[in-house]
Structures are given as structure tokens and as C-alpha cells.
Amino acid sequence: MQQLIYVSYASDDFQSGDVFKIIETSARNNPTRDVTGFLVYAHDTFVQFVEGPAASLDALLEDLKADSRHQRLEVLERREGRGRCFPNWRMERLAVSGGDARILEQKLRQTEISQATIARLIETIMTPRMAA
């Protein structure tokens with residue numbers, strides 16, 4: 001069982017409603033891949049934590065790299081996990097709003113992701129992205 005967390009940025013033509021399509025597709029596909037986790041989207045930035053077999057995470061990363069809705073995908077941490085942190089979450093959407101990332105931070109602290117990576121993710125997701 002591996003855990004992976006990445007950050008990516010929405011493409012210029014991404015519509016905010018597209019995040020619901022991503023969640024629906026993930027929730028439909030992840031059971032066959034044996035992948036669980038969550039997605040956060042704010043300020044044109046995605047943060048996703050996923051856990052599952054290494055081959056499934058490799059396939060997911062390939063799909064994400066080919067997805068035109070994402071750009072500049074960066075894996076921040078990938079590690080062996082002792083077990084699933086979110087066994088019933090085929091793909092949950094966590095909301096951060098109004099400058100409040102407490103729910104995201106709480107969920108990340110349930111994982112084995114390093115504290116340094118958690119701090120970086122909180123800062124990244126809560127900082128509005130500057131136009132390129």
C-alpha cells in the first residue's frame with residue numbers, strides 16, 4: 001500500500017464546475033483500481049491525496065499527466081503506508097473556504113505524510129495563484 005500526494009494547477013480553460021466531473025469520474029474509476037483518497041480544489045490549485053497499490057498509483061499519475069485540465073503536476077511525497085487512512089473514501093472532495101484549511105490539515109495529519117509537506121500544501125492551496 002502506497003500513499004501519494006501531489007499538487008497541480010488548473011489549465012487556463014478549466015471551469016470551476018469541472019471539479020465535480022473529476023470527483024464523479026474518480027469515484028467511479030477508483031474502486032476498480034483499489035484507490036482511495038481525497039481532492040481539494042481552491043485558487044486554481046489541486047491537492048490530491050491517494051492511497052492504493054503502487055501500480056494503480058502509477059496508472060493514475062499517467063492519466064493525470066494526460067488530462068488537459070491539469071498542468072504542472074508535482075508529486076510532493078510518495079511513500080509506503082502501513083494501511084489505508086481513508087478506506088471508505090473512493091474520492092472525497094474537501095472544501096477549503098474563507099481562508100480556513102482546518103479540515104484539510106486535520107485529514108492530512110491522519111496520514112503518514114511529513115509535517116513539512118503538510119505545511120507546504122496548506123500554504124499552496126490557500127494562496128491565490130497569480131496569472132501566468
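Colleague: What makes the contact between the side chains of Arg33 and Asp63 a salt bridge?

Modeller: The N to O distance between the two side chains is 2.2 Å, and a salt bridge is defined as a side-chain nitrogen of Lys or Arg within 4 Å of a carboxyl oxygen of Asp or Glu, so the pair of Arg33 and Asp63 qualifies. Because Arg33 lies in helix H1 (residues 18–33) and Asp63 in helix H2 (residues 54–66), the pair ties together parts that are 30 residues apart in sequence. Helices (H or I, at least four residues) and strands (E, at least two) are DSSP runs, numbered from the N terminus. This is a predicted model, in which local features need pLDDT of at least 70 and side-chain atom pairs count only at pLDDT 80 or more, while totals for chains, interfaces and linings use all residues. Residues are numbered from 1 along each chain as its sequence is written, and side-chain values use heavy atoms, with hydrogens and water left out.

Colleague: How many salt bridges does a search of the whole structure find?

Modeller: The search finds 10 salt bridges. One further pair is Arg69 with Asp67, whose closest N and O atoms are 2.8 Å apart.

Colleague: Why is Asp67 called buried, while Arg69 is called partly exposed?

Modeller: Buried means under 20% relative accessible area, exposed means over 50%, and partly exposed is in between, with a 1.4 Å probe and protein chains only. Asp67 has a relative accessibility of 17% and therefore counts as buried, whereas Arg69, at 25%, counts as partly exposed. Asp63, with a relative accessible area of 40%, is likewise partly exposed.

Colleague: What makes the salt bridge of Glu112 and Arg82 a link between distant parts of the chain?

Modeller: The side chains of Glu112 and Arg82 meet at 3.7 Å, N to O. Glu112 is in the loop between helix H3 (102–109) and helix H4 (115–126), and Arg82 is in the loop between strand S4 (70–80) and strand S5 (92–94), 30 residues apart. Arg82 has a relative accessible area of 78% and is therefore exposed. A network of salt bridges links Glu77, Arg79, Arg82 and Glu112.

Colleague: How do you know that H3 and H4 are roughly antiparallel to each other?

Modeller: Their packing angle is about 160 degrees, with the axes 10 Å apart. Axes are lines fitted to C-alpha atoms, for helices over the stretch in contact, and angles run from 0 to 180 degrees between N-to-C directions. Angles under 35 degrees count as roughly parallel, over 145 as roughly antiparallel, 65 to 115 as roughly perpendicular and the rest as oblique, so H3 and H4 are roughly antiparallel.

Colleague: Which residues of H3 and H4 meet?

Modeller: With contact meaning heavy atoms within 4.5 Å, Leu104, Glu105, Leu108 and Arg109 of H3 meet Gln115, Ile118, Leu121, Ile122 and Ile125 of H4.

Colleague: Where is Ser114, and why is Ser114 called partly exposed?

Modeller: Ser114 sits in the loop between H3 and H4, and its relative accessible area of 26% makes it partly exposed.

Colleague: What is the phi of Asp34, and what is that of His43?

Modeller: Asp34 has a positive phi of about 65 degrees although it is not a glycine, and Asp34 belongs to the loop between H1 and strand S2 (36–42). His43, which is not a glycine either, has a positive phi of about 55 degrees and is placed in the loop between S2 and strand S3 (45–52). Asp34 is partly exposed at 34% relative accessible area, and His43, at 35%, also counts as partly exposed.
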